[in-house]
Amino acid sequence: MTPRETALHVVRDVFQADASQDRGAQESLEYRSQKGELDARDRAFCTNLVFGAIKMRRTLDWYLQPYVGGRDKALPPVIAEILRLAIYELQFTAAKDHAVVSEWVNLAKRYGHRGTAGLVNAVLRGFLRDRPAAPAPEDFDNEDDYLGTLYSYPTWIVRQWRAVFGSEQLVDVLKACNEPAQPAATVNRAKGTRAELQTWFAQREVKTQPSELAEDSLLLEGGALAAAGQGESGEAWWLQSESSAMVVDVLNPQPDDKVIDACTGRGNKALQIAARIGDERPVLCIDRDRRKIQMLEKRATAAGLAVEAVAEDATVPVTTQRADRILIDAPCSGLGVLGRHPEARWRKRPDDGERLALTQRALLDALAPQLYEGGAIVYAVCSTDPRETTDVIEWFLGAYNVERGLIPAHFAELQTPAGDLLVPPGLQGRDGFYVARLERR
(Lines give C-alpha, C1' and ligand atoms only; values in the text may rest on other atoms or scores of the structure.)
Protein backbone atom coordinates (compact mmCIF):
# COMPACT_ATOMS: atom_id res chain seq x y z
CA MET A 1 0.00 0.00 0.00
CA THR A 2 1.36 3.45 -0.88
CA PRO A 3 1.74 6.19 1.75
CA ARG A 4 -1.02 8.24 0.06
CA GLU A 5 -3.45 5.32 0.17
CA THR A 6 -2.50 4.67 3.80
CA ALA A 7 -3.12 8.33 4.60
CA LEU A 8 -6.56 8.08 2.99
CA HIS A 9 -7.45 5.12 5.21
CA VAL A 10 -6.27 6.95 8.33
CA VAL A 11 -8.30 10.07 7.58
CA ARG A 12 -11.34 7.91 6.83
CA ASP A 13 -10.86 6.16 10.19
CA VAL A 14 -10.77 9.50 12.00
CA PHE A 15 -13.83 11.01 10.32
CA GLN A 16 -15.98 7.99 9.58
CA ALA A 17 -19.75 8.49 9.83
CA ASP A 18 -20.19 6.24 12.88
CA ALA A 19 -18.84 8.50 15.62
CA SER A 20 -18.75 5.63 18.12
CA GLN A 21 -16.10 3.94 15.98
CA ASP A 22 -13.87 6.98 15.56
CA ARG A 23 -10.17 6.29 16.03
CA GLY A 24 -7.54 8.80 16.98
CA ALA A 25 -5.15 9.77 14.18
CA GLN A 26 -2.07 8.41 15.96
CA GLU A 27 -3.76 5.11 16.80
CA SER A 28 -4.94 4.62 13.22
CA LEU A 29 -1.59 5.70 11.79
CA GLU A 30 0.21 3.05 13.88
CA TYR A 31 -2.20 0.34 12.75
CA ARG A 32 -2.35 1.30 9.08
CA SER A 33 1.41 1.88 8.74
CA GLN A 34 2.16 -1.59 10.07
CA LYS A 35 -0.53 -3.17 7.91
CA GLY A 36 0.78 -1.32 4.85
CA GLU A 37 4.38 -2.23 5.74
CA LEU A 38 5.58 1.34 5.22
CA ASP A 39 9.29 1.94 5.62
CA ALA A 40 10.56 4.90 7.69
CA ARG A 41 10.62 7.35 4.76
CA ASP A 42 7.12 6.49 3.54
CA ARG A 43 5.80 6.57 7.10
CA ALA A 44 7.19 10.08 7.60
CA PHE A 45 5.53 11.22 4.35
CA CYS A 46 2.25 9.58 5.33
CA THR A 47 2.38 11.19 8.79
CA ASN A 48 2.83 14.62 7.25
CA LEU A 49 -0.18 14.09 4.97
CA VAL A 50 -2.38 12.76 7.76
CA PHE A 51 -1.54 15.32 10.44
CA GLY A 52 -1.54 18.19 7.95
CA ALA A 53 -4.80 17.33 6.19
CA ILE A 54 -6.60 16.75 9.49
CA LYS A 55 -5.33 19.93 11.16
CA MET A 56 -5.96 22.12 8.08
CA ARG A 57 -9.40 20.69 7.31
CA ARG A 58 -11.28 24.00 7.52
CA THR A 59 -8.73 25.76 5.35
CA LEU A 60 -8.79 22.97 2.78
CA ASP A 61 -12.59 23.08 2.56
CA TRP A 62 -12.35 26.82 1.96
CA TYR A 63 -10.00 26.22 -0.97
CA LEU A 64 -12.31 23.53 -2.37
CA GLN A 65 -15.52 25.55 -2.05
CA PRO A 66 -15.32 27.31 -5.46
CA TYR A 67 -14.83 24.00 -7.24
CA VAL A 68 -17.33 21.73 -5.48
CA GLY A 69 -19.54 24.05 -3.40
CA GLY A 70 -22.26 24.49 -6.03
CA ARG A 71 -23.04 20.81 -6.44
CA ASP A 72 -26.64 19.66 -5.89
CA LYS A 73 -25.43 16.36 -4.49
CA ALA A 74 -22.82 16.01 -1.76
CA LEU A 75 -19.52 14.39 -2.69
CA PRO A 76 -19.04 10.77 -1.63
CA PRO A 77 -17.05 10.96 1.66
CA VAL A 78 -14.06 9.08 0.26
CA ILE A 79 -13.80 11.47 -2.70
CA ALA A 80 -14.08 14.50 -0.40
CA GLU A 81 -11.17 13.13 1.68
CA ILE A 82 -9.11 12.47 -1.46
CA LEU A 83 -9.61 16.09 -2.53
CA ARG A 84 -8.63 17.43 0.91
CA LEU A 85 -5.47 15.32 1.00
CA ALA A 86 -4.55 16.33 -2.54
CA ILE A 87 -5.11 20.05 -1.95
CA TYR A 88 -3.06 19.83 1.26
CA GLU A 89 -0.21 18.24 -0.68
CA LEU A 90 -0.39 20.84 -3.47
CA GLN A 91 -0.71 23.84 -1.15
CA PHE A 92 1.46 22.92 1.86
CA THR A 93 4.21 20.58 0.62
CA ALA A 94 6.93 20.69 -2.06
CA ALA A 95 5.63 17.65 -3.94
CA LYS A 96 5.63 17.81 -7.76
CA ASP A 97 2.22 18.84 -9.08
CA HIS A 98 1.87 16.26 -11.84
CA ALA A 99 2.73 13.38 -9.49
CA VAL A 100 0.22 14.61 -6.91
CA VAL A 101 -2.61 14.84 -9.46
CA SER A 102 -1.81 11.49 -11.05
CA GLU A 103 -1.64 9.57 -7.76
CA TRP A 104 -4.84 11.00 -6.28
CA VAL A 105 -6.81 10.59 -9.53
CA ASN A 106 -5.78 6.93 -9.62
CA LEU A 107 -6.99 6.52 -6.02
CA ALA A 108 -10.27 8.25 -6.91
CA LYS A 109 -10.73 5.69 -9.69
CA ARG A 110 -9.96 2.80 -7.32
CA TYR A 111 -12.28 3.98 -4.53
CA GLY A 112 -14.93 5.48 -6.82
CA HIS A 113 -15.41 5.17 -10.57
CA ARG A 114 -14.39 6.81 -13.81
CA GLY A 115 -16.73 9.74 -13.17
CA THR A 116 -15.37 10.57 -9.72
CA ALA A 117 -11.82 10.23 -11.03
CA GLY A 118 -12.70 12.77 -13.72
CA LEU A 119 -14.12 15.10 -11.08
CA VAL A 120 -10.97 14.87 -8.94
CA ASN A 121 -8.82 15.49 -12.02
CA ALA A 122 -10.87 18.56 -13.00
CA VAL A 123 -10.83 20.04 -9.49
CA LEU A 124 -7.08 19.60 -9.00
CA ARG A 125 -6.21 20.98 -12.42
CA GLY A 126 -8.53 23.91 -11.82
CA PHE A 127 -6.82 24.57 -8.49
CA LEU A 128 -3.38 24.48 -10.14
CA ARG A 129 -4.56 26.78 -12.92
CA ASP A 130 -6.09 29.35 -10.56
CA ARG A 131 -3.61 29.04 -7.66
CA PRO A 132 -6.11 30.82 -5.39
CA ALA A 133 -4.77 33.24 -2.80
CA ALA A 134 -4.88 32.38 0.90
CA PRO A 135 -7.93 33.48 2.91
CA ALA A 136 -7.93 37.27 3.39
CA PRO A 137 -9.77 39.45 5.96
CA GLU A 138 -12.09 40.93 3.31
CA ASP A 139 -13.44 37.45 2.54
CA PHE A 140 -15.09 37.23 5.99
CA ASP A 141 -17.62 39.07 8.12
CA ASN A 142 -15.38 39.13 11.20
CA GLU A 143 -11.73 38.61 12.14
CA ASP A 144 -12.30 35.45 14.20
CA ASP A 145 -13.92 33.65 11.25
CA TYR A 146 -11.01 34.83 9.09
CA LEU A 147 -8.34 33.58 11.52
CA GLY A 148 -10.26 30.35 12.10
CA THR A 149 -10.24 29.68 8.35
CA LEU A 150 -6.67 30.85 7.71
CA TYR A 151 -5.20 28.73 10.53
CA SER A 152 -7.96 26.07 10.52
CA TYR A 153 -9.71 26.15 13.88
CA PRO A 154 -13.37 26.31 14.92
CA THR A 155 -14.25 29.96 15.45
CA TRP A 156 -15.28 29.37 19.10
CA ILE A 157 -11.71 28.26 19.92
CA VAL A 158 -10.28 31.39 18.27
CA ARG A 159 -12.65 33.55 20.34
CA GLN A 160 -11.76 31.79 23.58
CA TRP A 161 -8.00 32.09 22.96
CA ARG A 162 -8.38 35.76 22.05
CA ALA A 163 -10.05 36.31 25.44
CA VAL A 164 -7.34 34.36 27.31
CA PHE A 165 -4.15 35.41 25.50
CA GLY A 166 -5.15 38.75 23.98
CA SER A 167 -5.08 39.81 20.34
CA GLU A 168 -1.29 40.31 20.33
CA GLN A 169 -0.46 36.70 21.24
CA LEU A 170 -3.43 35.06 19.52
CA VAL A 171 -1.88 34.58 16.05
CA ASP A 172 1.35 33.19 17.53
CA VAL A 173 -0.66 30.55 19.41
CA LEU A 174 -2.78 29.67 16.35
CA LYS A 175 0.33 29.25 14.20
CA ALA A 176 2.28 27.31 16.83
CA CYS A 177 -0.43 24.71 17.44
CA ASN A 178 -0.19 23.72 13.78
CA GLU A 179 3.49 22.84 14.24
CA PRO A 180 4.78 19.52 15.68
CA ALA A 181 4.96 19.41 19.48
CA GLN A 182 8.39 19.33 21.14
CA PRO A 183 9.28 15.77 22.28
CA ALA A 184 10.84 15.50 25.72
CA ALA A 185 12.09 12.84 28.13
CA THR A 186 11.85 12.76 31.92
CA VAL A 187 14.75 11.26 33.86
CA ASN A 188 14.07 8.66 36.55
CA ARG A 189 16.04 10.20 39.42
CA ALA A 190 16.16 6.82 41.16
CA LYS A 191 18.34 5.49 38.32
CA GLY A 192 20.50 8.44 37.37
CA THR A 193 20.85 12.14 36.78
CA ARG A 194 19.70 14.32 33.91
CA ALA A 195 23.33 14.83 32.87
CA GLU A 196 23.88 11.05 32.75
CA LEU A 197 20.75 10.65 30.66
CA GLN A 198 21.97 13.33 28.27
CA THR A 199 25.19 11.34 27.81
CA TRP A 200 23.14 8.16 27.18
CA PHE A 201 21.24 9.91 24.38
CA ALA A 202 24.42 11.41 22.92
CA GLN A 203 25.92 7.91 22.66
CA ARG A 204 22.90 7.05 20.45
CA GLU A 205 23.31 10.20 18.36
CA VAL A 206 20.14 11.81 19.74
CA LYS A 207 20.68 15.52 20.35
CA THR A 208 19.18 16.83 23.58
CA GLN A 209 18.94 20.05 25.51
CA PRO A 210 18.16 20.40 29.22
CA SER A 211 14.84 22.15 29.78
CA GLU A 212 15.20 25.57 31.37
CA LEU A 213 11.82 25.15 33.06
CA ALA A 214 11.34 21.49 34.07
CA GLU A 215 14.09 20.13 36.32
CA ASP A 216 13.71 16.52 35.17
CA SER A 217 13.26 17.13 31.41
CA LEU A 218 15.48 16.84 28.37
CA LEU A 219 14.20 18.30 25.10
CA LEU A 220 14.81 15.85 22.25
CA GLU A 221 15.68 16.04 18.59
CA GLY A 222 14.82 12.82 16.78
CA GLY A 223 11.86 11.67 18.82
CA ALA A 224 11.36 8.48 16.82
CA LEU A 225 14.90 7.32 17.54
CA ALA A 226 14.46 8.22 21.19
CA ALA A 227 11.24 6.21 21.42
CA ALA A 228 12.92 3.25 19.75
CA GLY A 229 15.69 3.30 22.35
CA GLN A 230 13.37 3.52 25.35
CA GLY A 231 13.07 -0.24 25.73
CA GLU A 232 16.80 -0.71 26.28
CA SER A 233 17.00 1.99 28.95
CA GLY A 234 15.42 -0.04 31.78
CA GLU A 235 12.87 2.72 32.54
CA ALA A 236 15.68 5.16 33.33
CA TRP A 237 13.50 7.68 31.48
CA TRP A 238 10.16 7.99 29.77
CA LEU A 239 8.61 10.25 27.13
CA GLN A 240 6.72 13.08 28.85
CA SER A 241 6.07 16.59 27.65
CA GLU A 242 8.01 19.45 29.21
CA SER A 243 4.81 21.14 30.41
CA SER A 244 3.59 17.96 32.06
CA ALA A 245 6.90 17.60 33.93
CA MET A 246 6.66 21.21 35.16
CA VAL A 247 3.61 20.25 37.25
CA VAL A 248 5.75 18.12 39.58
CA ASP A 249 8.17 21.03 40.04
CA VAL A 250 5.23 23.10 41.30
CA LEU A 251 4.15 20.23 43.61
CA ASN A 252 7.78 20.03 44.85
CA PRO A 253 7.47 16.73 46.78
CA GLN A 254 10.13 16.16 49.42
CA PRO A 255 11.70 12.86 50.59
CA ASP A 256 9.29 10.91 52.81
CA ASP A 257 6.30 13.15 51.97
CA LYS A 258 2.93 11.41 51.88
CA VAL A 259 1.62 12.08 48.36
CA ILE A 260 -1.70 11.34 46.64
CA ASP A 261 -1.92 11.46 42.83
CA ALA A 262 -5.68 11.54 42.32
CA CYS A 263 -6.03 11.13 38.52
CA THR A 264 -2.90 9.22 37.78
CA GLY A 265 -3.64 7.92 34.29
CA ARG A 266 -0.63 6.07 32.84
CA GLY A 267 1.40 7.58 35.67
CA ASN A 268 4.10 9.81 34.20
CA LYS A 269 3.77 12.33 37.01
CA ALA A 270 3.33 9.59 39.64
CA LEU A 271 6.62 7.98 38.60
CA GLN A 272 8.31 11.39 38.58
CA ILE A 273 7.05 12.00 42.14
CA ALA A 274 8.05 8.51 43.33
CA ALA A 275 11.56 9.02 41.98
CA ARG A 276 11.89 12.17 44.08
CA ILE A 277 10.51 10.99 47.41
CA GLY A 278 12.10 7.54 47.63
CA ASP A 279 10.53 4.18 48.42
CA GLU A 280 9.77 4.63 52.13
CA ARG A 281 6.32 6.06 51.38
CA PRO A 282 4.70 4.76 48.16
CA VAL A 283 2.75 7.35 46.19
CA LEU A 284 -0.98 6.64 46.50
CA CYS A 285 -2.19 6.64 42.87
CA ILE A 286 -5.92 6.70 42.06
CA ASP A 287 -7.61 6.34 38.68
CA ARG A 288 -11.04 5.02 37.72
CA ASP A 289 -9.61 3.22 34.65
CA ARG A 290 -8.42 -0.22 35.80
CA ARG A 291 -6.34 -0.74 32.64
CA LYS A 292 -4.38 2.44 33.32
CA ILE A 293 -3.81 1.35 36.92
CA GLN A 294 -2.47 -2.00 35.72
CA MET A 295 -0.20 -0.23 33.24
CA LEU A 296 1.09 2.08 35.99
CA GLU A 297 1.87 -0.89 38.26
CA LYS A 298 3.94 -2.54 35.51
CA ARG A 299 5.78 0.68 34.74
CA ALA A 300 6.54 1.34 38.41
CA THR A 301 7.90 -2.19 38.88
CA ALA A 302 10.14 -1.83 35.81
CA ALA A 303 11.33 1.57 36.99
CA GLY A 304 12.07 0.36 40.54
CA LEU A 305 9.67 2.91 42.04
CA ALA A 306 7.12 2.54 44.85
CA VAL A 307 3.44 3.24 44.21
CA GLU A 308 0.19 2.05 45.77
CA ALA A 309 -2.28 1.92 42.89
CA VAL A 310 -6.07 1.98 43.40
CA ALA A 311 -8.75 1.68 40.71
CA GLU A 312 -11.44 4.02 42.09
CA ASP A 313 -13.30 7.20 41.22
CA ALA A 314 -11.55 10.06 43.06
CA THR A 315 -14.61 12.34 42.86
CA VAL A 316 -15.81 10.52 46.00
CA PRO A 317 -13.62 9.95 49.09
CA VAL A 318 -11.43 6.90 48.42
CA THR A 319 -9.11 6.90 51.42
CA THR A 320 -8.92 8.19 54.97
CA GLN A 321 -5.16 8.70 54.54
CA ARG A 322 -4.00 12.29 54.84
CA ALA A 323 -1.22 13.71 52.73
CA ASP A 324 1.46 16.41 52.62
CA ARG A 325 1.01 16.84 48.88
CA ILE A 326 -1.99 16.10 46.64
CA LEU A 327 -1.81 16.26 42.86
CA ILE A 328 -5.07 16.63 40.95
CA ASP A 329 -4.24 16.37 37.24
CA ALA A 330 -7.91 16.65 36.42
CA PRO A 331 -9.83 15.36 33.38
CA CYS A 332 -10.30 18.35 31.07
CA SER A 333 -11.22 19.49 27.58
CA GLY A 334 -7.59 19.27 26.42
CA LEU A 335 -7.57 22.61 24.58
CA GLY A 336 -3.89 22.95 25.52
CA VAL A 337 -2.79 19.89 23.56
CA LEU A 338 -4.54 20.46 20.23
CA GLY A 339 -1.13 20.50 18.50
CA ARG A 340 -0.38 16.98 19.72
CA HIS A 341 -3.74 15.49 18.65
CA PRO A 342 -4.63 16.68 15.12
CA GLU A 343 -8.28 15.60 15.18
CA ALA A 344 -8.99 17.07 18.63
CA ARG A 345 -9.95 20.57 17.45
CA TRP A 346 -12.84 19.09 15.43
CA ARG A 347 -14.09 16.89 18.29
CA LYS A 348 -14.19 19.50 21.05
CA ARG A 349 -17.46 21.24 21.80
CA PRO A 350 -18.04 24.76 23.20
CA ASP A 351 -19.77 23.40 26.32
CA ASP A 352 -17.01 20.90 27.21
CA GLY A 353 -15.44 23.29 29.72
CA GLU A 354 -18.70 23.87 31.59
CA ARG A 355 -19.42 20.14 31.79
CA LEU A 356 -15.92 19.13 32.90
CA ALA A 357 -15.73 21.86 35.54
CA LEU A 358 -18.34 19.90 37.54
CA THR A 359 -15.97 16.91 37.71
CA GLN A 360 -13.01 19.14 38.54
CA ARG A 361 -14.85 20.75 41.48
CA ALA A 362 -15.98 17.31 42.69
CA LEU A 363 -12.35 16.16 42.77
CA LEU A 364 -11.29 19.16 44.85
CA ASP A 365 -14.30 18.63 47.15
CA ALA A 366 -13.40 14.99 47.74
CA LEU A 367 -9.67 15.50 48.27
CA ALA A 368 -9.39 18.77 50.19
CA PRO A 369 -10.20 17.09 53.56
CA GLN A 370 -7.25 14.69 53.04
CA LEU A 371 -4.68 17.50 53.15
CA TYR A 372 -2.57 18.13 56.26
CA GLU A 373 -2.48 21.65 57.63
CA GLY A 374 0.40 23.38 55.82
CA GLY A 375 0.19 20.86 52.99
CA ALA A 376 -0.30 21.71 49.31
CA ILE A 377 -2.73 20.71 46.58
CA VAL A 378 -1.53 21.24 43.01
CA TYR A 379 -4.37 21.46 40.50
CA ALA A 380 -3.41 21.03 36.84
CA VAL A 381 -5.29 20.78 33.54
CA CYS A 382 -4.00 20.70 29.96
CA SER A 383 -6.68 23.24 29.13
CA THR A 384 -6.86 26.99 28.67
CA ASP A 385 -10.63 27.29 29.18
CA PRO A 386 -11.27 29.72 32.08
CA ARG A 387 -14.23 27.61 33.22
CA GLU A 388 -11.74 24.79 33.95
CA THR A 389 -8.91 26.97 35.22
CA THR A 390 -9.39 30.28 37.01
CA ASP A 391 -13.12 29.78 37.69
CA VAL A 392 -12.47 26.45 39.42
CA ILE A 393 -9.63 27.82 41.54
CA GLU A 394 -11.49 30.98 42.57
CA TRP A 395 -14.41 28.77 43.65
CA PHE A 396 -12.02 26.52 45.64
CA LEU A 397 -10.42 29.51 47.38
CA GLY A 398 -13.86 30.70 48.42
CA ALA A 399 -15.11 27.29 49.59
CA TYR A 400 -12.12 26.03 51.61
CA ASN A 401 -9.54 27.31 54.06
CA VAL A 402 -6.73 27.47 51.50
CA GLU A 403 -4.57 30.16 49.94
CA ARG A 404 -2.38 30.37 46.87
CA GLY A 405 1.16 29.03 47.41
CA LEU A 406 4.36 30.20 45.82
CA ILE A 407 5.24 29.06 42.29
CA PRO A 408 9.02 28.51 41.73
CA ALA A 409 10.68 31.75 40.61
CA HIS A 410 11.94 30.37 37.28
CA PHE A 411 8.31 30.18 36.09
CA ALA A 412 7.87 33.95 36.44
CA GLU A 413 7.44 34.59 32.70
CA LEU A 414 4.48 32.15 32.61
CA GLN A 415 2.67 33.35 35.73
CA THR A 416 -0.73 35.01 35.62
CA PRO A 417 -1.38 38.21 37.61
CA ALA A 418 -3.10 36.02 40.24
CA GLY A 419 0.06 33.93 40.65
CA ASP A 420 -0.93 30.71 38.82
CA LEU A 421 1.00 29.12 35.95
CA LEU A 422 -0.43 29.40 32.42
CA VAL A 423 1.59 27.87 29.55
CA PRO A 424 0.33 29.10 26.14
CA PRO A 425 -0.25 26.10 23.84
CA GLY A 426 2.17 25.55 20.98
CA LEU A 427 4.70 28.30 21.75
CA GLN A 428 8.23 26.84 21.79
CA GLY A 429 6.64 23.45 21.10
CA ARG A 430 5.06 23.30 24.56
CA ASP A 431 1.71 21.88 25.56
CA GLY A 432 -0.72 24.37 27.03
CA PHE A 433 -1.17 23.86 30.77
CA TYR A 434 -2.73 25.64 33.72
CA VAL A 435 -1.29 24.88 37.17
CA ALA A 436 -2.31 26.31 40.53
CA ARG A 437 -0.77 25.58 43.95
CA LEU A 438 -3.10 25.84 46.95
CA GLU A 439 -1.87 25.50 50.52
CA ARG A 440 -4.00 24.70 53.56
CA ARG A 441 -3.83 27.35 56.24
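Select Asp130 to begin: its relative accessibility is 40%, so Asp130 counts as partly exposed. Keep in mind that this is a predicted model. The side chains of Asp130 and Arg129 meet in a salt bridge, with 3.5 Å from N to O. Side chains of opposite charge can pair when their charged atoms come close.

How many salt bridges does a search of the whole structure find? The search turns up 28. For another one, select Glu81 and Arg57, whose closest N and O atoms are 2.8 Å apart. Glu81 sits in helix 5 and Arg57 in helix 4, so this pair ties together parts that are 24 residues apart in sequence. Are these two buried or exposed? Both Glu81 and Arg57 are buried.

Next, go to Arg441 and Glu403, another salt bridge, with the closest N and O atoms 3.5 Å apart. Arg441 lies in the segment after strand 12 (433-440) and Glu403 in strand 10 (residues 402-404), so the pair links parts 38 residues apart in sequence. Arg441 is partly exposed at 46% relative accessibility, and Glu403 is partly exposed too, at 38%. Then select Arg189, Glu215, Asp216, Asp249 and Arg276 together: salt bridges that share partners join them into one network.

**A sheet and its helix**

Now look for an open sheet of four strands, in the order 2-3-1-4 and with antiparallel pairing. At its edges are strand 2 (208-210) and strand 4 (237-239), each pairing on one side only. From one strand to the next, the twist averages 30°. Zoom in on strand 1 (residues 184-187) and strand 3 (residues 217-220), which pair in the antiparallel sense over three bridges. Pick Thr186, and you will find its bridge partner in strand 3, Ser217.

**Two helices to finish**

Select helix 3 (residues 40-55). Its buried residues include Cys46, Leu49 and Phe51. Among the elements covering the buried residues of helix 3 are helix 1 (3-14) and helix 5 (77-92). At the start of helix 3, a side-chain oxygen of Asp39 reaches to within 3.3 Å of the backbone nitrogen of Arg41.

Last stop: helix 16 (residues 352-367), where Leu356 and Leu363 are among the buried residues. The buried residues of helix 16 pack against elements including strand 9 (371-381) and helix 17 (390-399).

Technical notes:
Residues are numbered from 1 along each chain as its sequence is written. This is a predicted model: local features need pLDDT of at least 70, side-chain atom pairs count only at pLDDT 80 or more; totals for chains, interfaces and linings use all residues. Side-chain values use heavy atoms; hydrogens and water are left out. Two strands pair if DSSP finds at least two bridges between them. Axes are lines fitted to C-alpha atoms, for helices over the stretch in contact, and angles run from 0 to 180 degrees between N-to-C directions. Buried means under 20% relative accessible area, exposed over 50%, partly exposed in between (1.4 Å probe, protein chains only). Contact means heavy atoms within 4.5 Å. A polar contact is a pair of N or O atoms within 3.5 Å; within protein, one must be able to donate a hydrogen and the other to accept it, and residues adjacent in sequence count only if both atoms are side-chain atoms. A salt bridge is a side-chain nitrogen of Lys or Arg within 4 Å of a carboxyl oxygen of Asp or Glu.
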